[in-house]
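Colleague: Could you walk me through the terms you use for a model like this one? I would like to hear what stands behind each of them.

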Amino acid sequence: MSLPTTPPRAILFDLDGTLADTAPDLAAAVNLLRTARGLAPTDYALLRPTASAGARGMIGAAFGLKPQDEGFVALRDGFFDNYQAAIAVHSSLFDGVPELLAGIEQAGLAWGIVTNKPARFTDPLLPRIGLQHAGCVVSGDTTAHAKPHPAPLLEAASRLGLAPEQCWYVGDDLRDIQAGSAAGMRTVACGWGYCGPHEPLAWNADHLLASPLNLLELLRQSLAGDAELAA
C-alpha cells in the first residue's frame with residue numbers, strides 16, 4: 001500500500017489483540033463459568049480468535065449463545081466478575097509493542113488507546129501491563145457510542161488536541177477499521193492480532209502490517225527519516 005503523504009501527529013490503538021494479548025485471561029474467565037456448571041473447558045484455540053469481541057465473543061464460543069438469547073445476560077455478568085477478579089494474570093504486551101511505543105515517544109508523537117472494553121476493566125488493567133503512560137484512554141463506555149461508531153476516536157483526538165486527520169488508528173478487528181475510516185483517520189490493520197493475517201485483507205484498511213515493528217518502520221518512512229525514530 002502507498003505511503004501516507006503526511007506524517008501523523010498521534011497514533012491511536014485498540015487494546016485487546018492490538019497492544020496487548022489479553023486472550024488468556026478472557027478465556028480463563030469464561031472457562032470458569034463452564035467448570036462451575038460441570039462442563040469441560042472450551043479449547044483455547046476456539047476462544048482466542050473471539051477475544052476482540054469481549055463477552056459477546058467469549059460467551060458465543062463457549063456456550064453458543066448470542067446477546068439476545070435467554071441466559072446470555074447472566075453468563076455475561078458472571079464472566080465480567082470472573083475477569084475483573086483475575087484481569088492480568090497472563091495478559092501481556094505483544095512482542096515489539098514496547099519498542100513501538102518507545103519509538104513513537106522518541107519521535108515526539110502522541111499515542112493513545114481507544115477500546116470497547118468498559119472502563120471498569122481498562123482502568124485497572126493498563127497499569128498492570130505497562131500502558132499507564134498513554135496520552136489518552138477512551139473506553140467502551142466513555143462516550144455514548146462504541147466502535148464501529150467514530151465517536152470514541154473523535155473523543156480521543158479531541159483529548160489530544162488534534163484534528164482526526166492528524167491521527168492514525170491501529171486495530172485488529174473490522175470494527176476498528178470502520179471506526180477509523182468514519183472518523184477520517186488513516187487506518188492500520190494489524191496482522192498480529194486475533195483475526196490473523198488473512199481476514200484483514202478484506203477490511204480496506206490503508207495499511208495491513210505483520211508486526212508492531214513493521215508499524216515503527218512505516219512511521220520512520222512517513223516521517224522522512226526523522227532521526228528520533230532511528231533504530
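Modeller: Happy to! This is a predicted model, so local features need pLDDT of at least 70 and side-chain atom pairs pLDDT 80 or more, while totals for chains, interfaces and linings use all residues. Residues are numbered from 1 along each chain as its sequence is written, and side-chain values use heavy atoms, without hydrogens and water.

Colleague: What counts as a helix or a strand, and how many are there in the chain?

Modeller: Helices are DSSP runs of H or I with at least four residues, and strands are runs of E with at least two, numbered from the N terminus. On that basis the chain has nine helices and eight strands.

Colleague: What share of the chain is buried?

Modeller: Buried residues, those under 20% relative accessible area with a 1.4 Å probe and protein chains only, make up 51% of the 231 residues.

Colleague: How do you know that the buried residues of α9 line one face?

Modeller: In α9 (residues 212-222), the buried ones are Pro 212, Leu 215, Leu 216, Leu 218, Leu 219 and Ser 222. Down the axis they fall within an arc of 160 degrees, so they line one face of the helix; the arc uses directions from the helix axis to the C-beta atoms.

Colleague: Which elements do they pack against?

Modeller: With contact meaning heavy atoms within 4.5 Å, the partners include α5 (97-106) and β6 (167-171).

Methods:
Buried < 20%, exposed > 50% of the residue type's maximum accessible area, 1.4 Å probe, protein only.
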